[in-house]
Amino acid sequence: MTEQKALASSQAQNAQRFKEARIFLKLVVRNPLSLIGLAIIVVFLVLGIIGPYVAPYPLQAQGAPDLVHQLLPPSWQFPFGTDEFGRDIFSRVIFGARISLLTSAAIVGSALIIGVPLGAVAGYYGEKIGSIIMRITDMFLAFPPLLLALAVAATLGGSIINAVLALIVTWWPWYTRLAYSQALATKNLPYVDAARAIGVGDPVIVVRHIMPATLAPILVQATLDLGSAILSVAALSFLGLGAQPPTPDWGLMVNMGRVFFLQYWWYATFPGLAIMVLVLGFNLFGDAIREAIDPKLSRRRLI
Amino acid sequence: MIVGVLLITFLVSHVIPGNPAALYAGSHPTAEEIQNAKETLGLNKPLYVQFYIYVTDLLHGNLGMSIRTHNPVLYDVGVGLAATLELITCAFVIAVVGGVLVGVYSASHRDHLLDHFGRVVAIIGVSMAPFWLAMILQIIFGQDLGLFPLGGRLSTDVSIIYPLRTITGFNLIDSLFEGNFIVFSNSLWHLFLPALALATYPFGLTVRMVRTMMIEALQENYTRSAFAWGLPQRIILFKYALKNAISSTVIALGMSFAYSLTGAFLIEIIFVWPGLGTYTALSILALDYPAIMGTVIVVAAFYVVINLLVDIFQAFMDPRVTL
């Protein structure tokens, strides 16, 4: 009898969830800007996957010089022009998509894995453990964005892996703080109390009940951060602390093009444009999800 | 917080198995040279001793010697800081004044054409790499249209004819002290493009935050009754609604400042602005490790102080916030 009841209630719950998911989808789809954002992300994802097979000059994209065609303006043969080694910038920009997507996913993903559990633990246990974790977090947050990453990357020496490491080191505290405030808000809700009352252990509560509750706002932030991570990697590369030549990294290409920029505008313009469009995609999509999730914003805006 | 900053910078520079010693020993060092460098830098002592030395040095204002310029790092940083602050302040004013105005306008004219336009500008503003935007502005307004100088802080002829006495290090203020309007306008003219490039990201940020908060504040009952009472819109917007949105506005200001600070590192290079960013970039190229870490410490400490001021200001403006 009780089992049946439980089954029925879980079915009702599933139906409810399904309905919520449909509303959510509708909200995301109904907002045309989010579709544009999604389309941009998908295009770059596809480029990141099949890029090496569709780029017109894959060898040049990886660094092989072609000294006959140095610094040519955009043409049908070279849609984005060529650089000082005669390499096709279009191919290099296509190759750069994979690098940008992988680095930003690695940064945000690792920061989530480190930051969210710490924040959930700090929020749930509170008191000593919580305040120790949050003190450490605050120390990291006392630095202006990018500055600490710059110091770490400079210490490790310039390479794309080190730039990613440096950004992970400086990125996780933001998620810890977000998860912490969410955990504080949920830890005294009735369902958590109920779980505690029937004797569920604290670690299980943190993993099964606290962390999922922190997820929604954190996912929004993560989507937006995928864009910021791309900008940060580009900034480190621009300072010479990220990818090293001849990697077709967008930030590095802008940096290399800087010397030639006033005579050869296309060199730095197109890689920078690629950065902008992809980051714009993440920002548009992240905004749409935020509006869909935040009940205060969405009900008024979209329904 | 400053202690935290010191602790982290210490850990970064002393514990990460990086190459400060190798850098110090010069190019292509032998194992022995690295060992010697470690001893000179004190990297072979126990960690707590190293930390003690590190902190006492800092408290004496000793950030080490720059390998590239052979000046004490503190001196170099002091010279660059004024130029950077001048740039940041201008960018910050543009971003905040523009951002708040556009944000308030957008929120009160929701879904009008200008609202959409403002939001598009704002979201593109936070999607661009600031150094790339700086280059685009430089080539369009500096080179093609010739409206603004390509870089630098003062024109060479102006700085030769009117040598400026350094009082505060801010060209704009120093020239006003001396009543020298030619230098003043020339500085302003040089400031415009870099400040604009630097302001774009924080501008976008401010617009987005202010707009969201204002929309919420405008739907509260008290603003509705204010409208019903027939109060002028300007007063409702700026006196009542913005006051409630002030908390997030101040946060937006703090973030704007933070982004101006780090953005300056990237934009100064493009415009050859003789500030901390250019200094750091050159230090990175020359692998001048003491200079890089010294700059990081000074800027981070500065940022902590600014953050404290922001918190105090916020508590002052918004009685719901307690420190």
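**A leucine and its surroundings**

Author: Gladly! Apart from its neighbours within four places in sequence, B:Leu237 touches B:Val104, B:Ser108, B:Met214, B:Leu218 and B:Leu242, where contact means heavy atoms within 4.5 Å. Before going on, please note that this is a predicted model, in which local features need pLDDT of at least 70, side-chain atom pairs count only at pLDDT 80 or more, totals for chains, interfaces and linings use all residues, and side-chain values use heavy atoms, with hydrogens and water left out. As for labels, residues are numbered from 1 along each chain as its sequence is written, while chains are lettered from A and ligands numbered from 1 in the order in which they are written.

Back to our leucine. B:Leu237 sits in helix H12 of chain B, which covers residues 233–244; helices (H or I, at least four residues) and strands (E, at least two) are DSSP runs, numbered from the N terminus. With a relative accessibility of 7%, B:Leu237 counts as buried. Buried means under 20% relative accessible area, exposed over 50% and partly exposed in between, using a 1.4 Å probe and protein chains only. Along the chain, B:Gly254 is 17 residues from B:Leu237, and their C-alpha atoms are 22 Å apart.

Two loop residues of chain B give you something to set beside that helix residue. B:Asn71 belongs to the loop between helix H4 (47–59) and helix H5 (73–108), and its relative accessible area of 26% makes it partly exposed. Setting aside neighbours within four places in sequence, B:Asn71 contacts B:Met65, B:Ser66 and B:Asp76. In sequence B:Asn71 and B:Ala291 are 220 residues apart, yet the distance between their C-alpha atoms is 9.7 Å. The other residue, B:Val272, is found in the loop between helix H13 (246–270) and helix H14 (276–285). B:Val272 is exposed, at 56% relative accessible area, and has a positive phi of about 50 degrees although it is not a glycine.

Now step back to the whole of chain B. Its 323 residues are 49% buried, and they form 15 helices and zero strands. Of the contacts in chain B with a separation of 6 or more, 70% are between residues 24 or more positions apart. The accessible surface of chain B is about 15,400 Å², with 69% belonging to carbon and sulfur atoms; such areas come from the Shrake-Rupley method with a 1.4 Å probe, and for residues only the protein chains shown count as cover.

One helix of chain B also leads us across to chain A. Helix H15 of chain B (residues 289–317) and H6(A) have axes that come within 10 Å and cross at roughly 165 degrees. Here axes are lines fitted to C-alpha atoms, for helices over the stretch in contact, and angles run from 0 to 180 degrees between N-to-C directions. H6(A) and H15(B) are therefore roughly antiparallel, since angles under 35 degrees count as roughly parallel, over 145 as roughly antiparallel, 65 to 115 as roughly perpendicular and the rest as oblique. From H6(A), A:Leu147, A:Leu150, A:Ala151, A:Ala154 and A:Thr155 meet residues of H15(B) that include B:Tyr289, B:Ile292 and B:Met293. The residues of this contact are ten nonpolar, one polar and no charged; Ala, Val, Leu, Ile, Met, Phe, Trp, Tyr, Cys and Pro count as nonpolar, Asp, Glu, Lys and Arg as charged, and the others, Gly among them, as polar.

On the chain A side, nine of the ten residues of H6(A) (147–156) are buried, so this helix is largely enclosed by the rest of the structure. After H6(A) comes A:Gly157, with a positive phi near 95 degrees.

Chain A as a whole has twelve helices and zero strands, and buried residues are 50% of its 303 residues. Within it, helix H2 (residues 32–54) and helix H11 (residues 265–293) pack at about 135 degrees with axes 7 Å apart, and are therefore oblique to each other. The contact of H2(A) with H11(A) involves 13 nonpolar, three polar and no charged residues. Finally, the peptide bond from A:Pro245 to A:Pro246 is cis, with omega near 5 degrees, and A:Pro246 lies in the loop between helix H9 (202–238) and helix H10 (250–258) of chain A.
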